[in-house]
Amino acid sequence: MSYKAKFRIWRGESGEGKLEDFTVEVNEGEVVLDIIHRLQATQAPDLAVRWNCKAGKCGSCSVEINGKPRLSCMTRMSTFAEDETITVTPMRTFPVIKDLVTDVSYNYQKAREVPSFTPPEGVRPGEYRMQQVDVERSQEFRKCIECFMCNNVCHVVRDHEENKPAFSGPRFLMRIAELDMHPYDVADRKESAQEDHGLGYCNITKCCTEVCPEHIKITDNALIPMKERVADRKYDPLVWLGSKIFKRAK
Amino acid sequence: MTQTTPDAPARKQRAQVKVRTLRTDRWWLTPLLVFLGLSSFLIYGVWAILDTSNFAEPYIAPFAAPCLTTQEVCDGARLFGWAPVGDWYALPPGLLILGLPGGFRLTCYYYRKSYYRSFWLSPAACAVQEPHGKYTGETRFPLIMQNIHRYFFYFALLIGAILTYDAVLAVVHKPIGLGSWILMLNAVLILGYTLGCHSCRHITAGRLNHFSRHPLRYRAWTFVSKLNAKHQQWAWASMFSVMGADLYVRLVAKGIIAFPFA
């Protein structure tokens, strides 16, 4: 069953632009990305949108639909009323290249700043032996498809551009937690999580968890455990004393 | 090194959208309800500290347990008759103890989310612009003090044990009344909330990288993780239960509730 839907899409380049109105056909079973493609084909051939897999696994088509960060390929039109006007804008935290396409290089910069996996000296690839229980915590974080919606929605940088140099965002704080929990990683990441990547900026309001399309419990399983590990290192005199007296093993 | 593409022009401009949010749902409803819920708890807490009707045998109002002073209002509410604070202390006795469970909730990761959103609007809801010009989060004083949450957890565990002891005393008392079961339910909810705390989860085994070397701690962590997954629900249930149980005991003590087996 088809109907005509009202869309408002942000169009412009390098930040300057405005919301433009469209009326477009919608068919049963379609998602928002289908409608954007139909607009390209019928009314706005120069409308820019980034997409790739159309299966919710590449993380390319992140936009904001009615103000909420969503993957446009996974947002069914059936979740909206037929008379509802659907507003689609680019992710707000990142600079716009054109229309719905943003420049997400902030995220690649932050990714490069996280030191890579650091195994113990003398242990070579192929010699790692790990129990499943030891690795399954960090395996949850490997589901990340890098859509960067968590970094987009995080108010620390979304509402405060000036915090970008100091704050790596939930995506990369989760990466640090993943490595810190890894049984074979020996790099000291606690000090750096707080001082270099801005873990202290996180006020655990859980928006990253709310928008994650992979349903990763970013706050409860990565950011808060990492905050507790940082508290061990920097803010808990008893743990510090215990580590000196008993030489606690991890 | 050969560069095959020219440098991209500097892109600094975000999409200029002049409204605070484009959300069309009732995003303001949850922070409003949370604001009202937490405010009611604060107002009730202040009243309970000042109210002196805290004991009606065998019930001790949770907000007054344990009473640590020699003041007359503590009669019946002292733990084993213990009164380490002498008669020089003239302020409400609840002030001596409520800072500990209060601090536990104030620094709790769930409550932090709640009041940062509903009281400080930072942010009120996801993808809704916050009203503050500057933001430093928990990087400096006073909010950096949130990192002492684990110390409040230790004390909260002690308070939970005392409330459980009080509830058991009420349940073994003959004849048993409705208040005994209210206190017992409250003790269970308080323990569920306290043991599901993120700091407890970290202390049991969250700080380890090798669960397999510590099977008992891993099992404890698994149990705490199950509670922790519903920490929000435990937080609200225990907050209302402690308020409800406290009010019930005070109403019995005042004689307002006086039906048989109350």
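This is a predicted model: local features need pLDDT of at least 70, side-chain atom pairs count only at pLDDT 80 or more; totals for chains, interfaces and linings use all residues.
**Figure 1. Chain A as a whole.** Welcome to the overview. The C-alpha trace of chain A spans about 70 × 40 × 30 Å along its principal axes. Of its 250 residues, 48% count as buried. If we take the contacts in chain A with a separation of 6 or more, 61% of them are between residues 24 or more positions apart.

**Figure 2. The two domains of chain A.** Chain A is divided into domain 1, residues 3-102, and domain 2, residues 105-246. Between the C-alpha centres of these two domains there are 31 Å. Where they meet, 12 residues of domain 1 are in contact with 13 residues of domain 2. On the domain 1 side, that set is made up of 6 nonpolar, 4 polar and 2 charged residues.

**Figure 3. Where chain A meets chain B.** Here 51 residues of chain A are in contact with 42 residues of chain B. Several elements of chain A each supply at least two residues to its side of the meeting, among them strands β2 (16-26) and β4 (68-71) and helices α3 (132-141) and α8 (207-211). Which element of chain A gives the most to this side? That is α9(A), with 7 residues. By class, the chain A side has 21 nonpolar, 15 polar and 15 charged residues.

**Figure 4. Ile216(A) in its loop.** Look for Ile216(A) in the loop between α8 and α9 of chain A. Is Ile216(A) buried or exposed? Ile216(A) is buried, because 22 other C-beta atoms lie within 10 Å and 20 or more are enough to count as buried. Its contacts, leaving aside neighbours within four places in sequence, are Glu140(A), Phe141(A), Lys143(A) and Cys144(A). Cys144(A) is 72 residues away from Ile216(A) along the chain, yet their C-alpha atoms are separated by 7.6 Å.

**Figure 5. Tyr184(A) and its contacts.** Tyr184(A) sits in the loop between α6 (169-180) and α7 (190-195) of chain A. With 17 C-beta neighbours inside 10 Å, Tyr184(A) counts as partly exposed. Beyond its neighbours within four places in sequence, Tyr184(A) is in contact with Pro119(A), Pro120(A), Val123(A), Tyr128(A) and Met130(A). Tyr184(A) and Tyr128(A) are 56 residues apart along the chain, and 7.5 Å separates their C-alpha atoms.

**Figure 6. Two crossing helices of chain B.** Helix α5 (residues 149-172) and helix α7 (residues 198-206) of chain B pack at an angle of about 90°, and their axes are 9 Å apart. α5(B) is therefore roughly perpendicular to α7(B). From α5(B), the contact is made by His149(B), Arg150(B) and Phe153(B), while α7(B) brings Ser199(B), Cys200(B) and Ile203(B). These residues divide into 3 nonpolar, 2 polar and 1 charged.

**Figure 7. A mostly covered helix, α4(B).** In helix α4 (residues 109-118) of chain B, 7 of its 10 residues are buried. The buried ones include Tyr109(B), Tyr110(B), Arg112(B) and Tyr116(B). What do they pack against? The buried residues of α4(B) pack against α9 of chain A, and also against α1 (29-50), α7 and α9 (231-254) of chain B.

Figure 8. An unreviewed UniProt entry carries the annotation "transmembrane region" for residues 27-50, 88-111, 151-172 and 178-197 of chain B. Residues 27-50 are 92% helix and 0% strand, with end C-alpha atoms 37 Å apart. For residues 88-111 of chain B, the figures are 67% helix and 0% strand, with 35 Å between the end C-alpha atoms.

**Figure 9. Backbone details in the loops.** Two cis peptide bonds can be found in chain B: one joins Ala65(B) and Pro66(B), with omega about -10°, and another runs from Phe141(B) to Pro142(B), with omega near 5°. Pro66(B) is in the loop between β2 (59-60) and α2 (94-97) of chain B, and Pro142(B) is in the loop between α4 and α5. That loop between α4 and α5 of chain B also holds Ala127(B), whose phi is near 65°, a positive value in a residue other than glycine. Ala127(B) counts as buried, with 26 C-beta neighbours inside 10 Å. Over in chain A, Lys54(A) has a positive phi of about 60° although it is not a glycine. Lys54(A) lies in the loop between α1 (32-42) and β3 (62-65) of chain A, and is partly exposed, with 17 other C-beta atoms within 10 Å.

Notes: Residues are numbered from 1 along each chain as its sequence is written. Chains are lettered from A and ligands numbered from 1 in the order in which they are written. Axes are lines fitted to C-alpha atoms, for helices over the stretch in contact, and angles run from 0 to 180 degrees between N-to-C directions. Helices (H or I, at least four residues) and strands (E, at least two) are DSSP runs, numbered from the N terminus. Angles under 35 degrees count as roughly parallel, over 145 as roughly antiparallel, 65 to 115 as roughly perpendicular and the rest as oblique. Two residues are in contact if their C-beta atoms, placed from the backbone, lie within 7 Å. Ala, Val, Leu, Ile, Met, Phe, Trp, Tyr, Cys and Pro count as nonpolar, Asp, Glu, Lys and Arg as charged, and the others, Gly among them, as polar. A residue is buried if 20 or more other C-beta atoms lie within 10 Å of its own, exposed if 12 or fewer, and partly exposed in between; C-beta atoms are placed from the backbone. Domain bounds come from an automatic or database domain assignment. UniProt positions are given in the numbering used here, feature names are shortened, and annotations may be inferred rather than shown by experiment.
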